[in-house]
Every structure is written in C-alpha cells, then in structure tokens.
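My entries follow in the order I made them.

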Amino acid sequence: TPKRNSREARVLDMISTYLSGGKSSKLYKKLVDEKKMSLEVSSFNMSNEDYSTYVIISLPMGVTKLETLIEEISEEVDKIQTELISEKDFQKLQNQFESSFVSSNATIEGIANSLAEYYTFYGDTDLINKELDLYKSITREEIKSVAQLYLKPNQRLELYYLPESQKE
C-alpha cells in the first residue's frame, strides 16, 4: 500500500475504521456479534515511510473454518470495492475521525506527539492545523477507488498461525 504521507494512506485508514473500528463496524458486527465466527477482528493500514502493508486479522471462534472466515471478510471488502458506503456510514466515519483527532490533541503530550510525527514524517508541523480537513475532504468515491486499487484479491497474503496441535 502507499507510503504514510499519501492521501491514499489516509483513505485506507478510513477503510480500516469502517471495517473494524469499534463494535458497530462492519466486520465486528458480522463476524463477532451476528455470526459468532470470530473472537476478534481488526484491520489497519500499517503505515511506513515508503511502502506500507494493509492488515486484516481475525481470531476464529470454535470450529469456524478459516476458509469460511476469509470468504466472509472478502465479501465485506468486495462491497467497499463495488458499492459506495452509505451516507450514514460515511458521516459516522467523519465523526469518528474528528473525535479521535480532538481526543488525541486534547493534552500537551498529545499535541507534542502530533507535532513530532508531522515534523518527522511529513516535514510540516502545520499539518496539525490541516490534518482534520484533509480527512474531511475524502469522499465516498475515493474510498471505493482506493479499495479497488489496494485491496485486490491477487495482492493478498494469507497467513495462518495455528497451534502446534493443528499443524498439518
């Protein structure tokens, strides 16, 4: 996935929040609450200076087959790639990012961390005044487009971390 200071990296952050940011997120509701297939599910864009990695993690519950879990996750990713997220979900995302930004910069320590990150990775401490606007400018169409570009099935690596007793 793209480097951390790109606009697309921020869009991937929004996709992560949409998929697994809290108990009302798409993957959490589907896999943990409704279908009881997973103990936990998470997605995040592991942003680095040059290239990054987009990660989706799930801890299967009981006798859930890994293939079934992957199919369910893929189904939600496919939806983002083929349909615009709802206006309601989009507004919720915007609110989550605004709340997170305000919370993380509500203390002197938070402001210092933000300034250090903006200086180190972006060379621009003034981003503290622009970052929220940047996230607010992301559109539902961009979310769909970035998902199509970076979350393709042929770009995936599936890693199974199994207990010794389940290894074949």
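I began with the largest pocket, which holds about 970 Å³ of space. This is a predicted model: local features need pLDDT of at least 70, side-chain atom pairs count only at pLDDT 80 or more, and totals for chains, interfaces and linings use all residues. Residues are numbered from 1 along each chain as its sequence is written, and side-chain values use heavy atoms, with hydrogens and water left out.

I noted the pocket rule: on a 1 Å grid over the protein atoms alone, a pocket is an open set of points with protein on both sides within 12 Å along at least five of seven lines. A cavity is a set where a 1.4 Å probe fits but cannot get out. Lining residues have an atom within 4 Å of a point. Points are joined across faces, edges and corners, and a volume is the space filled by probe spheres set on them.

Which residues lie nearest the centre of the largest pocket? They are Ile56, Ile57, Leu157, Glu158 and Leu159, out of 27 lining residues. E2 and H3 are the elements that give two or more residues to this lining. E2 supplies the largest share, 8 residues. I took helices (H or I, at least four residues) and strands (E, at least two) as DSSP runs, numbered from the N terminus. By class I get 18 nonpolar, 6 polar and 3 charged residues. Here Ala, Val, Leu, Ile, Met, Phe, Trp, Tyr, Cys and Pro count as nonpolar, Asp, Glu, Lys and Arg as charged, and the others, Gly among them, as polar.

The second largest pocket has a volume of about 440 Å³. Its lining has 20 residues, with Ser100, Phe101, Tyr118, Glu131 and Tyr135 nearest the centre. I read the classes as 7 nonpolar, 8 polar and 5 charged.

**Cavity**

How many cavities of 30 Å³ or more are there? I find 1. The largest cavity has a volume of about 60 Å³. Its lining includes Thr17, Tyr18, Lys26 and Asp89. H1 and H4 are the elements giving two or more residues. H4 gives the most, with 4 residues.

**Salt bridges**

I counted 13 salt bridges in the whole structure (a side-chain nitrogen of Lys or Arg within 4 Å of a carboxyl oxygen of Asp or Glu). Glu75 pairs with Lys30, the closest N and O atoms being 2.8 Å apart. Glu75 lies in helix H3 and Lys30 in helix H2 (residues 26-34), so the pair ties together parts 45 residues apart in sequence.

Is Lys30 buried or exposed? Lys30 counts as buried, at 7% relative accessibility. Buried means under 20% relative accessible area, exposed over 50%, and partly exposed in between (1.4 Å probe, protein chains only). Glu75 is partly exposed at 40%.

Glu72 forms a salt bridge with Lys35, the closest N and O atoms being 3.0 Å apart. Glu72 lies in H3 and Lys35 in the loop between H2 and strand E1 (38-46), so this pair joins parts 37 residues apart in sequence. Glu72 is buried at 12%. Lys35 is partly exposed at 41%. I logged one network of salt bridges: Lys30, Lys35, Glu72, Glu75, Glu76 and Lys79.
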